[in-house]
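Have a look at the structure, try each task, and then follow the solution.

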Amino acid sequence: MKKQFLFLTFVVVLFSCKKASKEPLPEPKVLTQNVSFKDIQNVGKILSDTEPVEIMVSRTINLRDPLSIEVSGTNRMKLSCYTLKSIKNVDVFVKLTGYEERIKLLKIDSISSLTSFDLPVSIAEKDEKLYTESGKLIEVKKQTDLSKAVFSVSVDDPFYKKLNGIKTVWLLNFRKEQQDIGNWYRMNPLHARECIAMFTNLAYLFSQDAAQKAFMDYEGLIENDGSVLTKERKEAVYKDILTRPKIETGLVRNVSGLGGGNLVAGAEYVLMRHYNKSSEEEILHELGHALGFGHSSNMTYAANNKAFFLAMRPIINGFLTAHEYPYWDYRLLNTYNTYIDKTGDYLREGKNPDGSRHNATRYDY
Ligand SMILES: [Zn+2]
């Protein structure tokens, strides 16, 4: 009996010893406020189905940094997340006049896709001890005026870092005029959501060295006058893709797309099926127009089986097959199941003056 008892004691001691070794070491006191997304009140949806058109067309989306932050009122900050996937590990910083470094205000565990919300700014209420970006603990005085404060975010998430790696500086907008006039249809938020996926993928594509190499190495691209694009000209065209500040998009009818200047717009089948070969060909055609090329150049239509879209196709196929694109999955937004199955032959709300459906088109998905 005694032996057994001793043995049990030994086991208990061993067990508790093992347990103790798993206890985490005491962490240094962290003053950064941690915010859990599920506790945030009044989270609004961005580009929801019922979003009014005037709000939709007022939106500007920075495709390589789609989490925006700005001052809201006198003592709050507003965050708008234009990613189509949820993101995690968001650090919020503020740069204040008179302070050398950015100051870390708080950390948010995650943010759901297409949401906006605002949060109180603690330093607008009281003095605070906070860490700077380099890790120094400093005293931050209460701020009575946030109008000059510059808020910024840093997102430690592999998906978001992929977006941050995009080289194009494109800001995406939706065309301000939204009426059923001429070749234009009114867009609705589901087109806008798919446009974020399409233009993010395009921006990602052109940001890759492999795409630039494919473009530069591709032979047989011609100018409007039929002459071959020189190496210097190709470099200038590619630079134009990477550095143009703005892309405006919209929904067209009667034609497959419209392009020129900053405008790169497509028909519904293009915006809804942008993972498809013919849609991708179409949107690169419109981008060709935006880059200044007409139909006599194969930067738009193919000529002698040579074209801009054919130069990019192997890379695009590779990115889709390898799930390399930021938004590689055509089912991501569930547009097909949610809308196309239910509405059958049309998605928009466009109507003729007599109330009948306008230019309804049936798409075979
Ligand atoms: Zn054209």
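**Exercise 1.** Find the residue in β5 that Ser68 stands opposite.

*Solution.* Start with the ground rules. This is a predicted model, where local features need pLDDT of at least 70 and side-chain atom pairs count only at pLDDT 80 or more, while totals for chains, interfaces and linings use all residues. Residues are numbered from 1 along each chain as its sequence is written.

Next, find the strands: helices (H or I, at least four residues) and strands (E, at least two) are DSSP runs, numbered from the N terminus. β5 covers residues 76-81 and runs antiparallel to β4, with six bridges joining the two; strands pair if DSSP finds at least two bridges between them. Across this pairing, Ser68 faces Ser80.

**Exercise 2.** Work out which strands stand at the edges of the open sheet that holds β4.

*Solution.* Write down the order, β2-β8-β5-β4, with antiparallel pairing. β2 (44-45) and β4 (67-72) each have a single partner strand, so one side of each lacks a neighbour in the sheet, and these two are the edges.

**Exercise 3.** Describe how helices α5 and α9 meet.

*Solution.* First, locate α5 at residues 209-217 and α9 at residues 308-321. Their axes (lines fitted to C-alpha atoms over the stretch in contact) come within 9 Å and cross at roughly 150 degrees, on a scale from 0 to 180 degrees between N-to-C directions. That makes the helices roughly antiparallel, a word used for angles over 145 degrees.

Finally, list the contact residues (C-beta atoms, placed from the backbone, within 7 Å): Ala210, Ala211, Ala214 and Phe215 of α5 meet Ala311, Met312, Pro314 and Ile315 of α9.

Key
Angles under 35 degrees count as roughly parallel, over 145 as roughly antiparallel, 65 to 115 as roughly perpendicular and the rest as oblique. Two residues are in contact if their C-beta atoms, placed from the backbone, lie within 7 Å.
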